[in-house]
Every structure is written in C-alpha cells, then in structure tokens.
Amino acid sequence: MDGEELTEQETALYDRQIRVWGPNAQRRLTKSHILVSGIKGTVAEFCKNIVLAGVGSVTLMDDRLVNEEALNANFLIPPDENAYTGKTVAEICCDSLRDFNPMVHVSVEKGDLSTFGAEFFEKFDVVVIGYGTRVIKKSVNEQCRKLSKRVAFYTVDCRDSCGEIFVDLQNYKYTKKKLEETVECELNYPSFQEAISVPWKPIPRRTAKLYFAMRVIEVFEESEGRKHGECSLLDRAKVLEIKKKLCEANSVSESHIPDNLLERLITGHTEFPPACAIVGGILAQEVIKAVSGKGDPLKNFFYFDAQDGKGVMEDISDSFTS
C-alpha cells in the first residue's frame, strides 16, 4: 500500500482530511481493500463513512433479497419498491455507495463466507463481519490469521439499541504523537476465539455487562441452530437456562448478566438508527486508524448502549488469568 503517490484528483477531493492526518495516511487509505459482510443499519453507516474517506475498494457480501425487514435503518436502500425488486441487499447498497464517491471501487461478491478459504481473504487489508454467527466469526478470523500478511479483522453486532465491536489486529505497530515527538507503539491482540474463551471469574466486575450478555445470545443461537437475530421473547426461558449454565461453569453469580438486558437483546429486532450511527462511526474510525497506522486503536471490544449513552472499550484477554 506504500507504492503510488496520490493523484491530483485525489489530493483535491480529500484535501481537508489530508490536512488532518497527512498525505501518507490518505495514500494508505486509497490503496486499501476492504471486505464487508452483512449490511444492516450499522454496517451501512460504516460503509458510507469509509467510502467518503476514500478507501481504495469496498467489496460487499449480502445475498439476502431486499424486503421490508432489510429496509430497517439501512438508508442505502431506496424506499421505492420498483428500484430493488429481485435484487440482493449487496447489489442495491453497491449502487448507492458508488454515488457517494465515484473514486472508490465498490463491488459485490456472492456466496457463503464459510465456504471461502484463506486465499480469498488474502485479497483484502480489512475484513468486517456484520451480524455474523459465532461460527462464522471464529472461522473467518482463523482464516485471516493463517495468512502471511496481516489482515485487520472486525466484527460488529447491533441488537435493539446496543452495539458490540470486536477487533483483531494481531501484532500491530503504529505511531502516535506524544508531546512534541512521534513514538512507536506495538499491541498484541487475541483472536476472537481466545477473547470469548477467557474465564469470567477473573474479569473485573466493572466490565460491560454486554460482553457477557452477547456471549449468552451467541451460545443460544448456535445451540438452537438459529441465524443471527432469530429469537424472540418465547425463547426467554431457554436463554436464561443457558445464562445459568454459563455462570455456573465460570463460577460467577447470575446477577453478572441482568435478565432485562437479555430480554432486550432477544426481542430488539428493530435497529435504533442513532445507535447505528454511533457504532458504525466508531467502527469506521477504527478501520481508518488501522489502515493509516495513526492513532491508538481500540483493543479489543467496544460497547455502546443508548439507554445510558455510554460507549466503553474493554480489553478482554488472558492477562486476567496470568
């Protein structure tokens, strides 16, 4: 990504942001290739932001046909039914994103992520999994880690007015300003599997309850063979049963995960657009940091809950047990 200089057209279009993060950072952005899977409200916000920022290319994956549910919080899909009949979510969103910034190459890839091997992901610098199952998240993260090049890996999940972002930058080196000098920094990230396998007991009590609640929902959906979001209040008893088992296995009190939070997550099928804007904006900001190599990146979870308006970063790793 460090080969070519910015063209005159790129320099003119991105002039204001070049003044913020410099020409080298913008050059890295314009040479970056990003894969995005699962395009609902939060991911739509993310895509809009990175396309406007001027990344090199965005490849979209979402083979769902556009229906009324897909319209929820996704402003990339026009409300005119005649415009999207018979088309997939990725195809419609692709057309909209091209209009945002014609200088960014936006394309569609069809297929099931779980069937692609590591060589497919090698084409990208960043992989973002939106609204994926636990199996998909683990599988794709493992494929990215097999590669000789470092591929930044992200997952994002929004339910009701709550959002979660996970980041794996593997061994990541970057620079930041400290007083009048630029300092070199290095961070080591756990994989998704490692991060969700940390025993709960040593994790500080102040840690966001959403971390634990999301793990319960993931286990429920996986054990019941459900797709992302295929749950309702009718599943409350089963979800609470799984919560109890997980808390017992981890030797923590069931009060660790409030019942009302779990109820919100299993019944909140309608995304809350303001929460989408915030979580999608944070995700775009983090991807821009990772690609440009500038600024402290998030490590390794971010949570937002519109009920209290708080966004918190949680570093969940096996350092708690060592």
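## Basis

Residues are numbered from 1 along each chain as its sequence is written, and side-chain values use heavy atoms, with hydrogens and water left out. Because the model is predicted, local features need pLDDT of at least 70 and side-chain atom pairs count only at pLDDT 80 or more, whereas totals for chains, interfaces and linings use all residues.

## Overall dimensions

The protein contains 13 helices and 10 strands; these are DSSP runs, helices being H or I with at least four residues and strands E with at least two, numbered from the N terminus. Its radius of gyration is 20 Å, close to the 20 Å of the globule rule for 322 residues, so the protein is as compact as a globular protein of that length. The radius is taken over C-alpha atoms, and the rule is 2.2 Å times the number of residues to the power 0.38.

The C-alpha trace spans about 60 × 55 × 40 Å along its principal axes. Of the 322 residues, 53% are buried (under 20% relative accessible area, 1.4 Å probe, protein chains only). Among contacts (heavy atoms within 4.5 Å) with a separation of 6 or more, 67% join residues 24 or more positions apart.

## The sheet

An open sheet of 8 strands has the order β3-β2-β1-β4-β5-β6-β9-β10, with mixed pairing. Its edge strands, β3 (105–108) and β10 (310–314), each pair on one side only. Two strands pair if DSSP finds at least two bridges between them. Strand β2 (residues 57–61) pairs with β3 in the parallel sense over 4 bridges, and Thr59 has Ser107 in β3 as its bridge partner.

Helix α6 (residues 89–100) lies across β2 and β3 and runs at about 170° to β3. Helix α10 (residues 209–223) lies across β5 (152–159), β6 (162–168) and β9 (301–305), at about 95° to β9. Axes are lines fitted to C-alpha atoms, for helices over the stretch in contact, and angles run from 0 to 180 degrees between N-to-C directions.

## Helix α2

A kink of about 110° lies at Gly22, shortly before Pro23. The bend is the angle between axes fitted to the seven residues ending at a residue and the seven starting there.

Gly22 is also one of the buried residues of α2, which pack against α1 (8–13), α3 (41–53) and α13 (273–292).

## Val43

Val43 lies in helix α3 and counts as buried because its relative accessibility is 0%. Not counting residues up to four places away in sequence, Val43 touches Val36, Gly38, Gly130, Tyr131 and Val156.

Technical notes. Buried < 20%, exposed > 50% of the residue type's maximum accessible area, 1.4 Å probe, protein only.
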